[in-house]
Amino acid sequence: MSKKVKLADWILGIVLLVIGLATLYPLWWVLMTSLSDPVWLSTHTVGLLPGKFSIDAYQFILSESKLWVSYLNSIIYAIGSTIVTLFVCSLFAYPLTLEQFKGKKFFNTLMLIPMFFTGGIIPTYLLIANLKMLDTIWAMILPGAFATYYVILFRTNMKGIPPELRESAIVDGASEFRVYWNIILPLSKVIFLIIALYCIVGSWNSFTPPLLYLSDEAKMPLSIYLRDLIVTNSTDTTELTMSGGSAYYQTIASQGGGIGMRIAIKMGTIIVSVVPIMMIYPFIQKYFVKGVMLGSVKG
């Protein structure tokens with residue numbers, strides 16, 4: 001039996017290794033392409049390593065003002081939506097854990113309805129327009145402030161906190177909000193981190209809402225900038241030769257490296273855009289299993 005188990009472990013390990021390599025290779029290829037020499041890249045294909053190493057694409061990216069404007073917008077939207085979502089969902093979930101709350105069944109049913117029925121894109125757009133939130137930061141923050149799944153996670157976590165803590169605080173004269181703020185929230189740090197990561201990733205990758213609700217280019221997030229860069233191919237040879245008045249890009253274009261430079265810039269921008277998420281994930285990933293277990297328990 002032990003030999004069979006050991007063999008099964010080896011087979012499972014090899015399968016997972018192959019899946020992991022297949023998953024990581026596209027990102028590795030994008031990184032190597034971004035680090036390739038533009039002239040060489042115009043006539044060659046990148047393998048595991050670039051034929052000629054170069055950081056020309058990143059020099060251009062770091063000097064591109066539109067990228068950093070969209071980068072800042074994405075950070076603002078991610079932080080703002082995360083803070084609002086955490087506050088709204090946790091504040092809604094807390095009363096649902098109280099036995100004496102008479103409207104608990106009604107609000108539990110009410111919050112479950114949007115999980116099965118939604119108004120759709122057009123009614124949502126009309127609502128945002130009627131609330132005068134089009135082309136504002138609030139269109140990126142408020143529509144997603146309430147999420148039923150997050151409320152369920154908060155509610156399940158808060159139910160695990162001993163009720164005696166709340167009762168003793170009430171006896172000492174604390175209000176319900178003070179109990180929520182000084183007792184419940186400090187004891188719910190793990191679930192806050194889990195949901196915060198969900199919110200940050202969701203906001204960072206958000207594409208449809210800014211495409212629908214924003215029209216000012218100065219307010220566009222990074223996802224729309226990437227769309228313009230990759231899909232519409234907005235970075236052309238003319239922009240490269242005119243960027244910063246640099247003669248170096250003119251030399252690259254004259255040597256036939258314009259196509260390679262465009263490809264390297266696209267890949268470099270993708271790498272730059274995923275760096276924040278890759279930096280956050282390792283610190284919160286260990287809480288994922290607990291977050292999934294909380295969501296699997298009904299209560």
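Buried denotes under 20% relative accessible area, exposed over 50%, and partly exposed the range in between (1.4 Å probe, protein chains only). In soluble globular proteins, nonpolar side chains tend to be buried together.

Because the model is predicted, local features were required to have pLDDT of at least 70 and side-chain atom pairs pLDDT 80 or more, whereas totals for chains, interfaces and linings use all residues. Residues are numbered from 1 along each chain as its sequence is written, and side-chain values use heavy atoms, with hydrogens and water left out.

The protein chain contains 17 helices and 0 strands; helices (H or I, at least four residues) and strands (E, at least two) are DSSP runs numbered from the N terminus. Of its 299 residues, 38% count as buried. The chain exposes about 17700 Å², of which carbon and sulfur atoms supply 70%, as computed by the Shrake-Rupley method with a 1.4 Å probe, only the protein chains shown counting as cover for residues. Among contacts (heavy atoms within 4.5 Å) with a separation of 6 or more, 72% join residues 24 or more positions apart.

The largest pocket holds about 1000 Å³ of space. Helix 4 (65-93), helix 5 (104-116), helix 6 (121-130), helix 7 (138-141), helix 8 (148-159), helix 11 (189-204) and helix 12 (208-213) each give two or more residues to its lining. On a 1 Å grid over the protein atoms alone, a pocket is an open set of points where a 1.4 Å probe fits, with protein on both sides within 12 Å along at least five of seven lines; lining residues have an atom within 4 Å of a point. Grid points are joined across faces, edges and corners, and the volume is the space filled by probe spheres set on the points. The lining consists of 38 residues, with T124, P143, G144, A145 and F146 nearest the pocket centre. By class, the lining divides into 26 nonpolar, 12 polar and no charged residues, where Ala, Val, Leu, Ile, Met, Phe, Trp, Tyr, Cys and Pro count as nonpolar, Asp, Glu, Lys and Arg as charged, and the others, Gly among them, as polar.

The loop between helix 6 and helix 7 contains K132 and D135. K132 has a positive phi of about 60 degrees although it is not a glycine, and phi of D135 is likewise positive, near 60 degrees. Most residues other than glycine have a negative phi. K132 counts as exposed because its relative accessibility is 71%.

I121, in helix 6, is exposed at 54% relative accessibility, and its C-alpha atom lies 9.1 Å from that of L212, 91 residues away along the chain. In helix 8, R155 is buried at 9% relative accessibility; R155 and S90 are 65 residues apart in sequence and 7.7 Å apart, C-alpha to C-alpha. I263, in helix 16 (residues 258-284), is partly exposed at 31% relative accessibility and touches T33 and L41, residues up to four places away in sequence being excluded.
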